[in-house]
Amino acid sequence: MIVNIENGADLSKIQSELAGLGCWVGPVHISASGHRALLLKPYSAPVSAEDVRNIPGVESVLVAVSEHARMDSQMLPLTVAGVDFGTGTPVVMAGPCSVESEDQIYQAARRVAGCGAQFLRGGAYKPRTSPYSFQGHGAPGLRWLQGAATAFGLRTVTELLTPEQADLVACYADLIQIGSRNMQNMSLLRAAGQTGKPVLLKRGAAATLQEWLLAGEAALLAGAQTVLLCERGVRGFDPTTRNLLDLGTVAHLASLGLGIIVDPSHATGRRDLVLPLAQAGLAAGACGLLVETHDQPQTALSDGPQALTPHQFAQLMGSLALFGNRTRQSRSVDTEVAWGGVQ
Ligand code: PEP
Ligand code: MN
């Protein structure tokens with residue numbers, strides 16, 4: 001917010017009034033003609049432009065408009081595919097990395113539903129790093145996923161890889177996943193958005209928050225019903241974990257009141273670290289989890305090392321009671337919306 005000061009007005013009085021409102025006031029800018037202006041920095045306390053304009057001696061107030069106003073307006077609580085996010089109880093999306101067979105996904109659905117998950121995950125189209133790895137079963141995989149989910153009252157979340165498959169995937173997915181490798185694939189985002197379905201947008205491995213939010217904005221602009229963000233780790237420098245889970249950004253998004261879930265599976269690549277990072281993600285303010293679990297991880301066709309065993313998954317679900325009564329984070333920084341494109 002830029003606050004223009006009237007000629008002759010008492011600057012220190014205005015500064016102390018702004019401080020009294022809880023604002024973080026930047027240095028005074030004096031133009032060549034002597035006109036004075038103050039910058040109210042982002043991370044100030046919530047204050048409306050109207051409150052500032054009403055201070056005697058303030059000539060006018062300029063408010064920058066965010067480049068991702070649609071994303072900003074998606075405040076929690078949100079209903080995505082009929083499931084409420086941000087009401088205090090974490091939403092869990094769980095299942096294997098890939099849909100491997102009709103029986104495999106059916107057994108997984110039975111198990112995760114029994115533990116209290118709301119969504120069944122499983123890739124039918126897999127964006128594998130190696131072209132020699134299992135690429136997914138495609139359309140039959142989608143059918144098996146939906147059949148299994150329906151049998152146990154679960155919603156489906158599955159990845160869309162190409163614009164041509166958008167309509168097909170939308171028939172089977174309650175929530176369309178855009179994977180990390182495709183976060184900024186604009187034609188894919190447009191195609192996903194045009195289905196009118198909600199979108200789960202995973203963060204690109206090297207994407208800034210601004211890039212991520214703008215990618216979400218593209219899906220919303222194209223018609224996506226909602227965009228839920230998923231932090232799954234960014235590229236780090238140490239191979240001890242597969243990626244580096246950016247909990248600061250999770251906390252930041254939660255403080256803005258936006259819907260963010262955490263994927264501790266792809267973040268770590270190791271099943272022994274999934275539980276602590278799932279809990280850390282929820283403690284940071286995530287409203288849900290995307291977790292890989294497999295009935296027999298040692299035989300998994302993809303991402304076996306990070307798949308929770310049935311016992312570990314049940315343990316994780318049991319531990320969520322710790323987070324059950326958390327009250328929803330409210331947007332703590334109203335002015336941040338206005339500054340979205342400027343930071
Ligand atoms: C996945 O969730 O199956 C996946 C491939 O994740 P990411 O896009 O985060 O790598
Ligand atoms: Mn995976």
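Let's start where two helices touch: L209, W212 and L213 in α8 meet T249, H252 and L253 in α9, contact meaning heavy atoms within 4.5 Å. By class, this contact has four nonpolar, two polar and no charged residues; Ala, Val, Leu, Ile, Met, Phe, Trp, Tyr, Cys and Pro count as nonpolar, Asp, Glu, Lys and Arg as charged, and the others, Gly among them, as polar. This is a predicted model, in which local features need pLDDT of at least 70 and side-chain atom pairs count only at pLDDT 80 or more, while totals for chains, interfaces and linings use all residues. Residues are numbered from 1 along each chain as its sequence is written, ligands are numbered from 1 in the order in which they are written, and side-chain values use heavy atoms, leaving out hydrogens and water.

**Helices α8 and α9**
- Helix α8 covers residues 209-222 and helix α9 residues 247-255; helices are DSSP runs (H or I, at least four residues), numbered from the N terminus.
- Their axes come within 12 Å and cross at roughly 50 degrees, where axes are lines fitted to C-alpha atoms over the stretch in contact and angles run from 0 to 180 degrees between N-to-C directions.
- The two helices are therefore oblique to each other (angles under 35 degrees count as roughly parallel, over 145 as roughly antiparallel, 65 to 115 as roughly perpendicular and the rest as oblique).

**Helices α7 and α8**
- Helix α7 (residues 186-194) packs on α8 at an angle of about 40 degrees, with the axes 7 Å apart.
- On the α7 side the contact involves M186, L189, R190, G193 and Q194, and on the α8 side A215, A218, A219 and A222.
- Those contact residues divide into six nonpolar, two polar and one charged.

**Helices α4 and α5**
- The axes of α4 (residues 102-114) and α5 (residues 139-151) come within 9 Å and cross at roughly 30 degrees.
- That makes α4 roughly parallel to α5.
- E102, I105, Y106 and A109 of α4 make the contact with W144, L145, A148, A149 and A151 of α5.
- This contact has eight nonpolar, no polar and one charged residues.

**Around ligand 1**
- The residues around ligand 1 (a heavy atom within 4 Å) are R121, K126, E159, Q177, G179, S180, R181, K202, R232, H266 and E292.
- R232 has a polar side-chain atom 2.6 Å from an oxygen atom of ligand 1.
- R121 places a polar side-chain atom 2.8 Å from a ligand 1 oxygen atom.
- For S180, a backbone N or O atom lies 2.8 Å from an oxygen atom of ligand 1.

Key. Polar contact = N/O pair within 3.5 Å; in protein donor to acceptor, adjacent residues only side chain to side chain.
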